[in-house]
Amino acid sequence: MSKQTTLDTIRQLGLLSVLRGPSFDLTLQMVDALVAGGVWGIEITFTTPNALEVVKSLDRRFGDQILLGMGTLTKPEQAAAAKEAGARFLVSPHCEKSLAGAMKETGLPIMLGALTPSEVILSRKLGSDVVKLFPGSLGGPEYLKALRGPFPDIPIMPTGGVSQDNVSDWFAAGAFAVGAGSNLCPTALAQERRFGEITALAKAFVQAVASARSPVGKL
């Protein structure tokens, strides 16, 4: 899959599930539950135990059925390792030159984290295909809307603070896509083996995204 195709797919899906799983096995089961609910964009963070092995296992299991990436990259060497494991996109919570360079060298779509206007511009200059607005909860949709004023051509994806209740506000503010963590897939539900509830949450979240982006939902 080409870089542009991956970016187009992220835009089309509109939703990435950001997973910091509690264990190898539970993370795999969390992804199973999300996929059953129609969530196809999966970001496994490096803070997940055995994260690279998790991605390798998911890549073998799902292949192109899902769009699989890795997030919370904080070290340059993690970029090549993530690609080798099977990641199709890479995400960092911050923008830093050496890390950005290593991520860019993989040829995969990259998302560097930014919060301030200066960081948004720096992230873009360092090669970020999509700027990750993090933590989105600090400013909310109104802050994204304000950023879109001077930066209308920079694709921005908020992560942190995205919920079913406000997802329509994020897209109305101009989000390229959204990244959702515990509001989409609560760790507590996985630890309690309540995977059916995760699937139900996933279905509701996917519907909320679809409604937020439909012409009717924008009336």
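Buried residues account for 52% of the 219 residues in the protein chain. Buried here means under 20% relative accessible area, exposed means over 50%, and partly exposed lies in between (1.4 Å probe, protein chains only). The model is predicted: local features need pLDDT of at least 70, side-chain atom pairs count only at pLDDT 80 or more, and totals for chains, interfaces and linings use all residues. Residues are numbered from 1 along each chain as its sequence is written, and side-chain values use heavy atoms, with hydrogens and water left out.

The protein chain contains ten helices and eight strands. These are DSSP runs numbered from the N terminus, with helices (H or I) of at least four residues and strands (E) of at least two. Along the principal axes, the C-alpha atoms fill a box of roughly 45 × 45 × 30 Å.

Contacts were counted between heavy atoms within 4.5 Å. Of the contacts between residues at least 6 apart in sequence, 58% join residues at least 24 apart. The accessible surface of the protein chain is about 9500 Å², and carbon and sulfur atoms hold 52% of this surface. Areas come from the Shrake-Rupley method with a 1.4 Å probe; for residues, only the protein chains shown count as cover.

Charge placement was also computed. The chain carries 21 positive and 19 negative charges, and their mean positions are 3 Å apart. Lys and Arg count as positive, Asp and Glu as negative; His and the chain ends are not counted. Each charge is placed at NZ of Lys, CZ of Arg, CG of Asp or CD of Glu.

Asp129 sits in the loop between α6 (117-125) and β6 (130-133). Its relative accessibility is 18%, so Asp129 counts as buried. The Asp129 side chain reaches the backbone nitrogen of Ile110 at 2.9 Å. Beyond its neighbours within four places in sequence, Asp129 is in contact with Lys3, Leu7, Leu108, Pro109, Ile110, Arg124 and Pro155.

Lys125 belongs to helix α6. With 68% relative accessibility, Lys125 counts as exposed. Lys125 and Cys185 are 60 residues apart along the chain, and their C-alpha atoms are separated by 33 Å.

Helix α4 includes Ala85. Ala85 has 4% relative accessibility and therefore counts as buried. Leaving out residues up to four places away in sequence, Ala85 touches Leu52, Val55, Lys56 and Asp59.

Several backbone features fall in loops. The peptide bond from Phe134 to Pro135 is cis, with omega near -10 degrees. Pro135 lies in the loop between β6 and α7 (140-148). Asn50 is not a glycine, yet its phi is positive, near 55 degrees. The loop between β2 (41-45) and α3 (51-62) holds Asn50. Thr72, also not a glycine, has a positive phi of about 55 degrees. Thr72 is located in the loop between β3 (67-71) and α4 (77-85). At 12% relative accessibility, Thr72 is classed as buried.

How values were computed
Polar contact = N/O pair within 3.5 Å; in protein donor to acceptor, adjacent residues only side chain to side chain.
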